[in-house]
Amino acid sequence: MTLQAFMELLIWEYMWGMPMVVTILAIGVYFSLRTGFFQLAFFGTAMKSACRKIFGRDAEEGSSGVISALEATSIAIGTTVGVGNIGGVAAALALGGPGAVFWMWVAGLFGMLIKMVEITLAVHYRSTLPNGEAYGGPNYYMKKGIGGEMKLGRLAKALSGLFAFGFLTGFLLNIQTYTVAEAIATTFDVGMVPTGVFFTAMLYVMIAGGLPGLGRIANKLVPFMCVFYLGAGLFILFKNLGALPSSLALIFGSAFTGTAAAGGFVGAAFQLAVKTGMARSVFSNEAGWGSAPMIHASAKVDHLVKQGLMGIFEVFVDTFVICSITCLVIMVTGQWSSGASGAHLTLSAFETGIGSAGRMILSFSVFIFGITTSSGLYAQMEVVVRYLVGERKMKRVILTMYKWLYPLPGLGLILIAVFYQYPGTTIWLFSDASTAMPIFVNVLALALLSPRFLALLADYKARYLGVGKPEENFRAFYEE
């Protein structure tokens with residue numbers, strides 16, 4: 001059995017098999033039913049709230065926090081909108097066929113609310129230092145919520161330990177560096193290793209200023225990168241507008257039946273379409289993974305649910321806008337059945353749609369997406385490291401070591417891939433493996449803490465939407 005075949009068996013049958021699909025759908029459906037499908041009923045509210053933050057019209061009344069609510073959102077979107085939107089969704093098409101796109105949308109629909117839940121809980125259970133800095137995330141709401149309020153200390157320690165172990169495994173599997181190197185190397189005919197070295201050097205520059213520095217950079221870079229990429233993608237779609245209806249028909253038509261072999265595409269069954277589509281959606285928008293809450297927990301906010309609403313906005317932009325445009329560009333240009341995969345497939349689609357300039361535009365986008373995602377992941381993993389080392393005397397030494405070590409595994413992955421000649425699909429399978437454990441653990445924690453989220457949401461709706469009565473016992477927290 002080849003490594004590719006072994007990894008596919010391990011991931012798609014056991015780690016990203018039907019148990020994972022059922023888990024994500026179950027928690028998404030549960031919260032949707034309990035909130036009256038809040039992500040749809042109040043979608044406009046979430047978009048308005050996001051726009052107010054983006055254009056600086058939402059006053060930040062909270063005193064605690066390291067960065068502004070807008071900077072937190074910029075870092076989170078910069079982390080969410082990454083190479084998964086380019087190489088990841090292309091890998092889903094290559095493995096699961098057009099039907100995978102439909103299931104990517106399904107996961108995104110429920111992911112909007114799942115991400116809102118985890119962000120809200122992360123802000124609520126965050127820890128604030130005497131100097132006003134605030135940090136939080138799944139480890140913190142597991143410890144304070146499950147271990148403290150629910151008095152399930154052993155369960156909280158077990159879940160927190162498993163989450164930290166699974167999340168930090170991604171430290172060794174930085175797919176961003178590999179995908180950037182793959183895109184740049186194939187476009188400009190340079191080696192992947194020199195490209196990886198340059199990317200790593202730039203990453204050191206990005207993370208030098210810590211979370212506050214990242215916030216300022218992301219605030220300027222993220223809007224530009226999204227508009228730049230979307231502009232190129234929309235140009236190709238309008239240019240191939242006649243092929244759009246048939247592409248959409250193929251997506252919906254093969255969602256429940258699988259896709260027959262066509263061209264270099266070897267065909268995909270229904271289950272593979274479901275699993276690859278949902279895996280790529282979760283890896284791209286990070287809903288349920290517990291990563292984005294680590295950034296949002298450091299934001300200055302006047303109400304936790306207001307920051308939680310940014311989860312709906314982030315998943316919508318990532319999955320329903322950017323990922324969808326990537327998939328449709330690949331399909332309308334006819335490249336989805338070429339046999340290519342990963343970033344190479346998307347590069348081929350852009351080159352077909354615009355010419356050689358399209359390949360260069362996408363390579364530049366991959367680099368920007370990769371650097372913002374990698375730097376954002378650095379900030380997220382720092383929260384886990386902070387939680388693990390606590391307030392020990394060696395804390396600063398450990399955090400400094402982490403800052404210097406963080407960019408290196410991504411470069412190491414390139415060296416291993418080049419030396420052993422691993423294809424892009426195999427590298428993405430390794431990446432999927434690193435996300436499975438934290439998602440299972442985090443989703444379980446969200447389910448256990450659902451009563452607290454529902455109470456916080458009810459309070460928000462009463463205070464800002466005029467629905468129901470505010471929870472008086474939460475007033476002190478908001479006015480802290």
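Student: What makes E314 count as buried?
Tutor: Its relative accessible area is 1%. Buried means under 20%, so E314 is buried.

Student: Is K115 buried or exposed, and on what value?
Tutor: Buried. K115 has a relative accessible area of 0%, and the limit for buried is under 20%.

Student: How many salt bridges are there by this rule?
Tutor: The count is 3. Another of them joins R452 and E149, at 3.4 Å from N to O. R452 lies in helix α22 and E149 in helix α8 (residues 138-149), so this pair ties together parts 303 residues apart in sequence.

Student: Why are R452 and E149 not called buried?
Tutor: R452 has a relative accessible area of 23%. E149 has 43%. Buried stops under 20% and exposed starts over 50%. Both values fall in between, so R452 is partly exposed and so is E149.

Student: What makes D459 and R463 a salt bridge?
Tutor: Their closest N and O atoms are 2.8 Å apart, and the cut-off is within 4 Å. D459 and R463 both lie in helix α22, 4 residues apart, about one turn of the helix.

Student: How do D459 and R463 stand on accessibility?
Tutor: D459 is at 0%, so it counts as buried. R463 is at 28%, so it counts as partly exposed.

Student: How do you know that S450 makes a polar contact with Y30?
Tutor: Their side chains come to 3.3 Å. The limit is a pair of N or O atoms within 3.5 Å, so the pair counts. S450 is in helix α22 (residues 450-464). Leaving out residues up to four places away in sequence, S450 touches Y30 and F31. S450 counts as buried because its relative accessibility is 4%.

Student: Why is V29, L33, F37 and L40 called a nonpolar patch?
Tutor: Patch members need over 30% relative accessible area and no salt bridge, and nonpolar side chains are joined within 5 Å. L40, for one, is at 49%, so it is partly exposed. L40 sits in helix α3 (residues 38-41). Together the four residues have about 350 Å² of accessible area.

Student: What makes the phi of F37 worth a note?
Tutor: Most residues other than glycine have a negative phi. F37 is not a glycine, yet its phi is positive, about 50°. F37 lies in the loop between α2 (18-34) and α3. At 30% relative accessibility, F37 counts as partly exposed.

Student: What about the phi of E286?
Tutor: The phi of E286 is near 65°, again a positive value in a residue other than glycine. E286 lies in the loop between α14 (270-285) and α15 (292-296). With 3% relative accessibility, E286 counts as buried.

Student: Why is Q176 called buried?
Tutor: Q176 is at 4% relative accessibility, and the limit is under 20%. Q176 lies in helix α10 (residues 175-188). Its C-alpha atom is 9.9 Å from that of G196, 20 residues apart along the chain.

Student: What share of the protein is buried?
Tutor: Buried residues make up 61% of the 480 residues. The protein has 23 helices and 2 strands. Among its contacts with a separation of 6 or more, 82% join residues 24 or more positions apart.

Student: Where is confidence lowest and where highest?
Tutor: Lowest is helix α23 (residues 475-478), at a mean of 49; highest is α3, at 94. Over residues 476-480 the pLDDT is below 50, and beyond near neighbours in sequence this stretch has 10 contacts in the model. Where pLDDT is low, predicted coordinates should not be read in detail. For the protein, the mean pLDDT is 79, and 78% of residues reach 70 or more.

Notes. Residues are numbered from 1 along each chain as its sequence is written. This is a predicted model: local features need pLDDT of at least 70, side-chain atom pairs count only at pLDDT 80 or more; totals for chains, interfaces and linings use all residues. Side-chain values use heavy atoms; hydrogens and water are left out. Buried means under 20% relative accessible area, exposed over 50%, partly exposed in between (1.4 Å probe, protein chains only). A polar contact is a pair of N or O atoms within 3.5 Å; within protein, one must be able to donate a hydrogen and the other to accept it, and residues adjacent in sequence count only if both atoms are side-chain atoms. Contact means heavy atoms within 4.5 Å. Patches are made of residues with over 30% relative accessible area and no salt bridge: like charges are joined within 9 Å, nonpolar side chains (Val, Leu, Ile, Met, Phe, Trp, Tyr) within 5 Å. Accessible areas come from the Shrake-Rupley method with a 1.4 Å probe; for residues, only the protein chains shown count as cover. A salt bridge is a side-chain nitrogen of Lys or Arg within 4 Å of a carboxyl oxygen of Asp or Glu. pLDDT is the predictor's confidence in each residue, from 0 to 100.
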